[in-house]
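Colleague: I have the model open beside the sequence. Could you take me through the contacts, please?
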Amino acid sequence: MTTLADLLRESLWAQGLTDVQRSRVEKEVQLRYFAAGTSVAHKGSPVDHWAGVVDGLVKINVLSVDGRSTTFAGVPNGGWFGEGSLLKGETRKYDVIALRDSHIAFMPRATFMWLVDTSIPFNRFLLTQLNERLGQFVGMLEYDRLLDPEGRVARSLAALFNPVLYPGSGVRLQISQEEIGYLAGVSRQRVNQALKILEQAGLLRVEYGGLTVLNLDGLRNFGA
């Protein structure tokens, strides 16, 4: 399993920290375990931590008043989330659900704000992170409204390989068809059909317990 030390070593924001800053982060960040299907954070709750996925996969999700579910993003190993709400001091606008057994790192708000106040590299990272997140959500809105299920599956998978938001991702992704369905907002049966089409197009290779991406740009532009 990936450790907190591994996560910090791979996180772009941690690479610019001083020894003093890194030492405080290592002392104050806490790890928690969440079983698949459980809630990591609730919509409307105070945002008092910045969170990072050490090992696992979570989805950022909202429910409408009539019970319809919309997934904004999936966050795999190496991804951090919640910085916007921390900076604005607002309550959480979404639910965070563990799609599989996951270990999550929690950085206290006080530690986060201290880094904002003392680290120029950390601030530069946040600017890039927020810009990438905005681009991700704009893209999600586009493909949710304009693309067929195959295109939505392709774009949802491509989003998990964003090198800025999720630097820990390689070319192989351990993910089930059910998990892909949750992220893309389509049924497991449609995911199966979509993966066959994407595999025939030479964009990925379906394997036991996951898949390997062969053409990331092709996934990002599929259905355009």
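Colleague: How much area is buried between domain 1 and domain 2?
Modeller: About 1300 Å² is buried between domain 1 and domain 2, and carbon and sulfur atoms give 62% of that area. Buried area is the accessible area (1.4 Å probe) that two parts lose on being put together, summed over both. In domain 1, P76, L99 and R100 lose the most area to domain 2, together 31% of what that side buries. Please note that this is a predicted model, in which local features need pLDDT of at least 70 and side-chain atom pairs count only at pLDDT 80 or more, while totals for chains, interfaces and linings use all residues. Residues are numbered from 1 along each chain as its sequence is written, and side-chain values use heavy atoms, with hydrogens and water left out.

Colleague: Where do the two domains run?
Modeller: Domain 1 covers 4-129 and domain 2 covers 148-221; such bounds come from an automatic or database domain assignment. Their C-alpha centres lie 23 Å apart. Domain 1 gives 17 residues to the contact and domain 2 gives 13 residues, where contact means heavy atoms within 4.5 Å.

Colleague: How many salt bridges are there between domain 1 and domain 2?
Modeller: The count is one salt bridge, meaning a side-chain nitrogen of Lys or Arg within 4 Å of a carboxyl oxygen of Asp or Glu.

Colleague: And which side chain meets R100 in a salt bridge?
Modeller: That of E179, at 2.9 Å from N to O.

Colleague: Turning to the helices, at what angle do α6 and α7 pack?
Modeller: Helix α6 (residues 149-159) and helix α7 (residues 177-184) pack at about 100 degrees, with axes 9 Å apart. They are therefore roughly perpendicular to each other, a term for angles of 65 to 115 degrees. Axes are lines fitted to C-alpha atoms, for helices over the stretch in contact, and angles run from 0 to 180 degrees between N-to-C directions. Helices are DSSP runs (H or I, at least four residues), numbered from the N terminus.

Colleague: Which residues make that contact?
Modeller: R152, V153, S156 and L157 of α6 meet I180, L183 and A184 of α7.

Colleague: How does α8 pack with α6?
Modeller: Helix α8 (residues 188-200) packs with α6 at about 75 degrees, with axes 9 Å apart. α6 and α8 are therefore roughly perpendicular too. On the α6 side the contact residues include V153 and L157, and on the α8 side V191 and L195 are among them.

Colleague: What about α7 and α8?
Modeller: Their angle is about 100 degrees, with axes 8 Å apart. Q177, E178, I180 and G181 of α7 make the contact with R188, V191, N192 and L195 of α8.

Definitions and conventions. Helices (H or I, at least four residues) and strands (E, at least two) are DSSP runs, numbered from the N terminus. Angles under 35 degrees count as roughly parallel, over 145 as roughly antiparallel, 65 to 115 as roughly perpendicular and the rest as oblique.
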